[in-house]
Amino acid sequence: MVYLTRKCEFSASHYYYNPAFSEEENRRVFGKCANLNGHGHNYTLEVTVKGDVDPKTGFVVDLKDLKDILNREVLEALDHRHLNKEVPEFATQIPTTENIAIAIWKRLEQKLHVAQLHRVRLYELPDLFVDFYGEP
Amino acid sequence: MKAHLTRRYIFSASHRLHCDDLSADQNRAVYGKCNNPHGHGHNYALEVTVSGQVSLETGMVCNLVDLDAAVRREVLERFDHVNLNFCPEFAREVPTTENLIQTIYNILKQSFRPAHLEKVRLEETAMNSFEYEGE
């Protein structure tokens, strides 16, 4: 079993706001992130897949296939978007780094037939990242 | 859904690796340059990983403000810009990064309750790092 990680970047804006909370509660829980005009990040995404090395090709996965799926399923949907307003998952969910990592996992899991997904690691900042392993 | 969240912090401290039970020659042989009586220092990078269910209300494993406050209060205020050999935690232990990381893990395990402490990772330099999961 070998693990392979592909890295890519996207830039997006978002805000954190729960309509079930009062204004004051939103400010208390989410701080500056509750500003409804939004703010943005350069996200770094690392997708790790695992599998046996194919004896014919020497690959765990054809990198071009993985890159095409990442571009189509993740980057085209999230890059240079407002996550709250343009990405369907976040119509009802707050686009925290945790929820974005889970949403990316779900998008990839449905389409990634070329390898087994192991981990989605999403950096919001160089000093803050979330790992999701598909655990319930 | 369970997610892991990692936050990175920086602190700077000095130390000298020296064991009183060893002779001067043995200390020099074991610890090399790190046994210099005057000590030396590092910029340590600390990565704290916590895990838990992502809250449906907040979308978070835990509030970063709480994690930052706990790490600042319990770890950074204790170990940033100090000589580790003079800290009570190292009165009887050599302040190697192995011992430091276990101390930091145990302090955070005691003091941070909002999420499960999964792992602590400590870089002494860009070339060497240590991980401890409480085993």
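Reply: The order of elements in chain B, read from the N terminus, is β-α-β-α-β-α-β-β. That gives three helices and five strands. The model is a predicted one. Along the principal axes, the C-alpha atoms of chain B occupy a box of roughly 60 × 25 × 25 Å. Of the 135 residues in chain B, 27% are buried. Taking contacts in chain B between residues at least 6 apart in sequence, 69% link residues that are at least 24 apart.

Strand pairing within chain B can be followed from strand E1, residues 2-15. E1(B) pairs with strand E2 (residues 40-53) of chain B in the antiparallel sense, over 14 bridges. Within the E2(B) pairings, B:Arg7 stands opposite B:Val48. E2(B) is also joined to strand E4 (residues 116-125) of chain B by seven bridges, and these two strands run antiparallel. Here B:Val50 faces B:Leu117 of E4(B).

E1(B) also takes part in the contact with the other chain. Between the chains, 16 residues of chain B are in contact with 18 residues of chain A. On the chain B side, strand E1 (residues 2-15) gives the most, with seven residues. The chain B residues that touch chain A comprise seven nonpolar, five polar and four charged. Strand E5 (residues 128-132) of chain A pairs with E1(B), antiparallel, over four bridges. One position in E1(B), B:Thr6, is the bridge partner of A:Phe129.

Not counting residues up to four places away in sequence, A:Ala101 touches A:Val120, A:Leu122, A:Val130, A:Phe132 and B:Ala3. As background, nonpolar side chains in soluble globular proteins tend to be buried together.

One backbone detail of chain B deserves a note. B:His81 is not a glycine, yet it has a positive phi of about 55°. This residue sits in the loop between helix H2 (64-79) and strand E3 (82-83) of chain B. B:His81 counts as exposed because 11 other C-beta atoms lie within 10 Å, and the cut-off is 12 or fewer.

A:His80 is exposed, since 12 other C-beta atoms are within 10 Å.

Finally, a position in strand E1 (residues 2-14) of chain A: A:Ser13. A:Ser13 counts as partly exposed because it has 17 C-beta neighbours inside 10 Å. Leaving aside neighbours within four places in sequence, A:Ser13 is in contact with A:Gly38, A:His39, A:Gly40, A:His82 and A:Leu83. A:His41 is 28 residues from A:Ser13 in sequence, and their C-alpha atoms are 6.5 Å apart.

Definitions and conventions
Residues are numbered from 1 along each chain as its sequence is written. Chains are lettered from A and ligands numbered from 1 in the order in which they are written. This is a predicted model: local features need pLDDT of at least 70, side-chain atom pairs count only at pLDDT 80 or more; totals for chains, interfaces and linings use all residues. Two residues are in contact if their C-beta atoms, placed from the backbone, lie within 7 Å. Ala, Val, Leu, Ile, Met, Phe, Trp, Tyr, Cys and Pro count as nonpolar, Asp, Glu, Lys and Arg as charged, and the others, Gly among them, as polar. Two strands pair if DSSP finds at least two bridges between them. A residue is buried if 20 or more other C-beta atoms lie within 10 Å of its own, exposed if 12 or fewer, and partly exposed in between; C-beta atoms are placed from the backbone.
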